Amino acid sequence: MTKVLYTGSFDPITKGHMNIIEQASLLFDEVVIAVLQNSSKPKGFFTIEERFELIKKIYQAYENIKVVIGSGAAVDIATLYECKAIIRGLRGLTDFDYEIGMAGINKDISDGNINTVCLFADNNYQNISSSMVREVFSLDKPISKYVDPVVEEAMKQKRLLYKKEA
């Protein structure tokens with residue numbers, strides 16, 4: 001059984017992330033999605049637990065997709081879940097430059113045991129990022145083209161909660 005790991009902060013998970021996950025689920029026996037806290041952004045839109053629950057809900061019907069909360073190095077998480085590779089999504093040259101360096105480091109610190117597999121999101125998802133979705137949402141503009149309905153509803157509910165608390 002070939003397992004792969006897909007890590008990210010997923011704050012929120014976008015249709016671009018989902019496109020990569022779904023491609024990987026067709027190529028590999030199991031995709032482990034590890035929801036991580038971005039250390040450069042300690043205060044996210046969703047808590048790590050909320051992101052975990054949203055992604056679990058989206059993929060509940062997929063038998064070969066597992067969602068976990070992770071911490072630490074991606075290679076350590078990959079090893080823990082017996083993954084042979086780490087999946088990365090590429091949107092352009094900036095992503096490529098970063099990911100090629102990380103691929104080398106990950107292979108090195110895993111003693112050559114963990115490879116990196118890069119996938120490209122379909123054209124209509126190439127320019128979607130979580131930060132872009134949060135920005136569009138903060139401007140009260142529609143986000144249904146960028147996120148699953150489960151995520152859109154959760155974002156709307158969270159906004160209502162913030163307004164009630166204010």
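Glu-50 is partly exposed, with a relative accessible area of 31%. In this predicted model, Glu-50 forms a salt bridge with Lys-158, and the closest N and O atoms are 2.5 Å apart. The structure holds seven salt bridges.

**Glu-50 and Lys-158**

- Glu-50 sits in helix α2, and Lys-158 sits in helix α6 (residues 149-165).

**Asp-11 and Arg-51**

- Asp-11 forms a salt bridge with Arg-51, with 4.0 Å between the closest N and O atoms.
- Asp-11 belongs to the loop between β1 and α1 (15-27), and Arg-51 belongs to helix α2 (residues 48-58), so the pair ties together parts that are 40 residues apart in sequence.
- Asp-11 counts as buried because its relative accessibility is 6%.
- Arg-51 also counts as buried, at 2% relative accessibility.

- The side chains of Glu-30 and Lys-3 meet in a salt bridge of 3.8 Å, N to O.
- Glu-30 lies in strand β2 (residues 30-35) and Lys-3 in strand β1 (residues 3-8), so this pair ties together parts 27 residues apart in sequence.
- Both Glu-30 and Lys-3 are buried.
- A network of salt bridges links Lys-3, Glu-30 and Glu-82.

- Six of the six residues of β1 are buried, so the strand is largely enclosed by the rest of the structure.
- In a regular strand, side chains alternate between the two faces of the sheet.
- Both faces of β1 are covered. Lys-3, Leu-5 and Thr-7 are buried on one side, and Val-4, Tyr-6 and Gly-8 are buried on the other.
- β1 pairs with β2 in the parallel sense over six bridges.
- The unit made by β1, α1 and β2 is a right-handed β-α-β unit.
- β1 also pairs with β4 in the parallel sense, over three bridges.
- Here Val-4 stands opposite Ala-85 in β4.

**Strands β4 and β5**

- Strand β4 (residues 85-90) and strand β5 (residues 115-120) run parallel and are joined by six bridges.
- The chain crosses from β4 through helix α4 (residues 93-109) to β5, in a right-handed β-α-β crossover.
- Arg-88 stands opposite Cys-118 in β5.

**Nonpolar surface patch**

- Leu-93, Phe-96 and Ile-100 form a nonpolar patch on the surface.
- Together these residues have about 340 Å² of accessible area.
- Ile-100 has its place in helix α4.
- At 52% relative accessibility, Ile-100 counts as exposed, because the cut-off for exposed is over 50%.

Key: Residues numbered from 1 in each chain as written. Predicted model: local features only at pLDDT ≥ 70, side-chain atom pairs only at ≥ 80, totals over all residues. Heavy atoms only, no water. Helix = DSSP H or I, 4+ residues; strand = E, 2+ residues; numbered from the N terminus. Buried < 20%, exposed > 50% of the residue type's maximum accessible area, 1.4 Å probe, protein only. Pairing = 2+ DSSP bridges. Right-handed = clockwise from strand over helix to strand, strands pointing away. Patch = residues over 30% accessible without salt bridge, like charges linked within 9 Å, V, L, I, M, F, W, Y side chains within 5 Å. Areas by Shrake-Rupley, 256 points an atom, 1.4 Å probe, with all protein chains shown as cover.
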